[in-house]
Amino acid sequence: GVRNSCGGMDHAEEQQNEIEALQAIFLDDFEEIDLSIKQFQVALQEQSDDIPVRAKLVVTLPEMYPEQAPTLDIKPGALREDTRKHLLEYLNAQAQENIGVAMVFVLQMAGKDWLEEHLLEEEEEEAEEEEPPEPVRRDGTEVTPEAFNAWQAKFIAELEAASAKEKKKQRGDPSRPTGRKLFESDVDLKFSDELFMDENPDDLDFDDEDDDEDYDPSQDTGED
């Protein structure tokens with residue numbers, strides 16, 4: 001680096017030399033912002049119809065640069081905010097690793113490479129999100145109109161056969177009373193017995209004492 005008369009680094013002259021070199025390297029991609037405070041910007045992306053507004057690295061050189069890291073910022077252009085934030089974090093880390101040497105060109109190249117890699121990944125992710133999911137293939141026999149009609153005819157025939165069998169089972173033997181008839185008959189008999197008991201309670205005598213099995217009519221004299 002450039003040294004002053006005392007043998008130390010002449011920061012101002014060192015910075016001016018780097019700025020002139022950057023102008024020669026980047027040409028139109030280098031833009032002055034305020035050279036009184038050593039502030040300028042360099043493009044991080046190539047000029048392209050696909051990129052209407054390019055991302056740019058804004059650099060402000062402190063008085064003690066390059067022994068002190070520059071202040072960095074990103075004009076995002078078309079970048080997403082999260083991408084801008086991550087890129088700035090990456091470049092600030094690179095600046096700390098290059099303390100003591102002119103580093104703006106190194107930072108610009110590092111930022112350009114990082115962007116190309118991550119923007120490609122973003123494009124691939126967006127393409128995957130836009131692609132419709134593949135239909136789920138199911139194993140089995142393909143259903144054609146002919147196959148369906150055959151299955152339907154078989155199903156209806158089986159249904160009719162089952163219905164006829166059930167009707168025949170329900171009819172059974174004509175001479176044999178059905179469950180319903182047995183039930184109705186039982187109810188009628190029970191009801192008849194109960195009705196008889198209610199209407200003729202005195203006609204029935206179940207007293208064993210008055211029932212003499214040895215009674216002989218010839219012994220009845222007619223006397224009390």
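**Contacts, sheet and core**

Colleague: Which residues does Gln-15 touch, not counting residues up to four places away in sequence?
Modeller: Gln-15 touches Lys-38, Leu-61, Pro-62, Glu-63, Met-64 and Tyr-65, where contact means heavy atoms within 4.5 Å. This is a predicted model, in which local features need pLDDT of at least 70 and side-chain atom pairs count only at pLDDT 80 or more, while totals for chains, interfaces and linings use all residues. Residues are numbered from 1 along each chain as its sequence is written, and side-chain values use heavy atoms, with hydrogens and water left out.

Colleague: Why does Gln-15 count as buried?
Modeller: Buried means under 20% relative accessible area, exposed over 50%, and partly exposed in between, with a 1.4 Å probe and protein chains only. Gln-15 has 2% relative accessibility, so it counts as buried. Its place is in helix α1; helices (H or I, at least four residues) and strands (E, at least two) are DSSP runs numbered from the N terminus.

Colleague: How far is the backbone oxygen of Tyr-65 from a polar atom of the side chain of Gln-15?
Modeller: The distance is 3.1 Å. A polar contact is a pair of N or O atoms within 3.5 Å; within protein, one must be able to donate a hydrogen and the other to accept it, and residues adjacent in sequence count only if both atoms are side-chain atoms.

Colleague: In what order do the four strands form the open sheet?
Modeller: The order is β1-β2-β3-β4, with antiparallel pairing. β1 (30-34) and β4 (71-75) are the edges: each has a single partner strand, so one side of each has no neighbour in the sheet. From one strand to the next, the twist averages 25°; axes are lines fitted to C-alpha atoms, for helices over the stretch in contact, and angles run from 0 to 180 degrees between N-to-C directions.

Colleague: How many bridges join β2 to β3?
Modeller: Five bridges join these antiparallel strands, and β3 (residues 56-60) also pairs with β4 over five bridges. Two strands pair if DSSP finds at least two bridges between them. Val-58 is the bridge partner in β3 of Gln-41, and Val-58 also stands opposite Asp-73 in β4.

Colleague: Where do helices α1 and α2 lie?
Modeller: Helix α1 (residues 11-26) lies across β1 and β2 (39-43), at about 140° to β1. Helix α2 (residues 81-97) lies across β3 and β4, at about 155° to β4.

Colleague: Why is β3 largely enclosed by the rest of the structure?
Modeller: Five of its five residues are buried, so β3 is largely enclosed. Lys-56, Val-58 and Thr-60 are buried on one side of β3, and Leu-57 and Val-59 on the other. Leu-57 has 0% relative accessibility and therefore counts as buried.

Colleague: Which residues of the largest nonpolar core touch the most other members?
Modeller: Of its 26 residues, they are Phe-40, Leu-57, Leu-72, Ile-74 and Leu-87. Such a core is a set of buried Ala, Val, Leu, Ile, Met, Phe, Trp, Tyr and Cys residues joined through side-chain atoms within 4.5 Å. At least two residues each come from α1, β2, β3, β4, α2 and α3 (104-130), and α3 gives the most, with five.

Colleague: How far apart are Leu-57 and Leu-72 in sequence and in space?
Modeller: They are 15 residues apart in sequence and 7.0 Å apart in space, C-alpha to C-alpha. Leu-57 touches Leu-72, and its other contacts include Phe-40 and Ile-74.
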